[in-house]
Every structure is written in structure tokens, then in C-alpha cells.
Amino acid sequence: MATMHPKQPFLSDIKQIRDRARKHMEQGAVTDGYKADRDTVLRLLNEALATEIVCVLRYKRHQFMAHGLSAQSVAEEFAEHAAEEQTHADQIARRITELGGEPNFSPEGILTRSHSEYVAGDTLTEMIKEDLVAERIAIESYSEIIRYLGENDPTSRRMMEEILAKEEEHAEDMLSLIQRIGQTGL
């Protein structure tokens, strides 16, 4: 973080900032200070959007297909995760539009844009394992997106960091469920 020196003047010319803001209003949030390659960021965010949509769909399937002893509590966990993944999708779509892009909600090609896969799983244990794998994929790919964004797009980076933290929590939840099921033989 930059250190402020009280005797140094503010480096930007406020009049120029105001003039640029008025001159380029149609660019919305994308100002001259935006340093990232916008096309690449929009592609990455649309891939993350597809990843979140696939995760919503997989968790919803697992919610309704969960069966066996104590399946109700696991189904509730799946439902909670589906709702959180939907929130992530909404956040990402909002950011795409802030950057002047279009969120790609088209079902066509969603699996090729998604970093995670849609694997149904037949048993409760298989479902949980597939969700854990998907969370681990999201963690690794979102970490890479965050490193790419760096200081060039701090707003998108912070959003992805918040989503990453939730994905890490989801992975831990899935690991705990696997361990619980292993102990109880569900």
C-alpha cells in the first residue's frame, strides 16, 4: 500500500479527472485508470459465470436426488450451496455489465465455458465427492484469475477473492460431509 507523505501534493489534476469523466461518460465504470485487458477480463468473468451456473445446476440436482439415511441434512447443505453459487453468478454478471460487457447465460456451450464439470453422481457419497472436486477446480481457477487481475482491476479481483473464500468454505463443507458419511456408513 502506498505511503502518504503530508508534504507531497496530490499527484492527479482534479480538473483533468473531471473533464475526462464528462467526456467519456458512456464508458461507465471503465475509466482511463482501468489497466486490465478488458476483453480478457470479460472472457474470464464469463467463464466464471458459466462455472457458477454449472455448480448451481449440479447442487440443485444433488439436493433433489439425495437419498438414504441422513440425506435430508445433506440435501439442505446442497440447497444452501446452490443458493450461494447463484449469488456468485449474479455478482459476476453484474460486474460484466459494469465493464460494458454482456453476461453469457446461453445454455449453448455453457459446459465448454465452465471450468468445472457437471457430473451427476449416483450415490450420496459420489455426489458429495463430485461437488468437492468442482469446488477444488473453482478454487484453483479463481486463484489464477485473481493473480491475473492483480492491481489492473482491483474491483473484479476483490469480488473474485470474496467468491474464492466462499468456494474454499464449500470445499471444507464437502470434505466434512465425506468424513461424516465415512464414519457413519451412510
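Colleague: Which helix gives the most to the lining of the largest cavity?

Modeller: This is a predicted model. The largest cavity is lined by R58, E117, V119, E130, V133, A134 and I137. The helix that spans residues 124-149 contributes four residues to that lining, the most given by any helix, and this is helix α5.

Colleague: What volume does the largest cavity have?

Modeller: The structure contains one cavity of 30 Å³ or more. For the largest cavity, the computed volume is about 40 Å³.

Colleague: How many residues of the lining of the largest cavity are charged?

Modeller: R58, E117 and E130 are among the lining residues, as are V119 and V133. Arg and Glu count as charged, whereas Val counts as nonpolar. The lining divides into four nonpolar residues, no polar ones and, as charged residues, three.

Colleague: What percentage of the residues count as buried?

Modeller: A residue counts as buried when its relative accessible area is under 20%. The protein has 186 residues, and the share that counts as buried is 40%.

Colleague: Are α2 and α3 roughly parallel or roughly antiparallel?

Modeller: Helix α2 covers residues 38-65 and helix α3 covers residues 71-98; their axes lie 8 Å apart, at an angle of about 160 degrees. Angles over 145 degrees count as roughly antiparallel. The relation of α2 to α3 is therefore roughly antiparallel.

Colleague: How many nonpolar residues are in the contact of α2 with α3?

Modeller: The crossing of these two helices, α2 and α3, is left-handed. The residues of their contact include six polar and four charged ones, and the number of nonpolar residues is 16.

Colleague: Is α2 roughly parallel or roughly antiparallel to α5?

Modeller: The axes of α2 and α5 come within 11 Å and cross at roughly 165 degrees. Because angles over 145 degrees count as such, α2 is, relative to α5, roughly antiparallel. As to its hand, the crossing of α2 and α5 is left-handed. The orientation asked for is thus roughly antiparallel.

Colleague: Are α3 and α5 roughly parallel or roughly antiparallel to each other?

Modeller: The axes of α3 and α5 come within 12 Å, and α3 crosses α5 at roughly 25 degrees. The crossing of α3 and α5 is left-handed. The cut-off for a parallel pair is an angle under 35 degrees, so α3 and α5 are roughly parallel.

Colleague: Is E162 buried or exposed?

Modeller: E162 is found in helix α6, which covers residues 154-184. In space, the C-alpha atom of E162 is 9.2 Å from that of H88, although the two residues are 74 apart in sequence. The cut-off for the exposed class is over 50%. E162 has a relative accessibility of 54% and therefore counts as exposed.

Colleague: What is the relative accessible area of S73?

Modeller: S73 belongs to helix α3. Its C-alpha atom is separated by 9.8 Å from that of Q63, ten residues away along the chain. S73 counts as partly exposed because its relative accessible area is 33%.

Terms used. Residues are numbered from 1 along each chain as its sequence is written. This is a predicted model: local features need pLDDT of at least 70, side-chain atom pairs count only at pLDDT 80 or more; totals for chains, interfaces and linings use all residues. Side-chain values use heavy atoms; hydrogens and water are left out. Axes are lines fitted to C-alpha atoms, for helices over the stretch in contact, and angles run from 0 to 180 degrees between N-to-C directions. Angles under 35 degrees count as roughly parallel, over 145 as roughly antiparallel, 65 to 115 as roughly perpendicular and the rest as oblique. A crossing is left-handed if the near helix is turned anticlockwise from the far one by less than a right angle, and right-handed if clockwise. Buried means under 20% relative accessible area, exposed over 50%, partly exposed in between (1.4 Å probe, protein chains only). On a 1 Å grid over the protein atoms alone, a cavity is a set of points where a 1.4 Å probe fits but cannot get out, and a pocket is an open set with protein on both sides within 12 Å along at least five of seven lines; lining residues have an atom within 4 Å of a point. Grid points are joined across faces, edges and corners, and a volume is the space filled by probe spheres set on the points.
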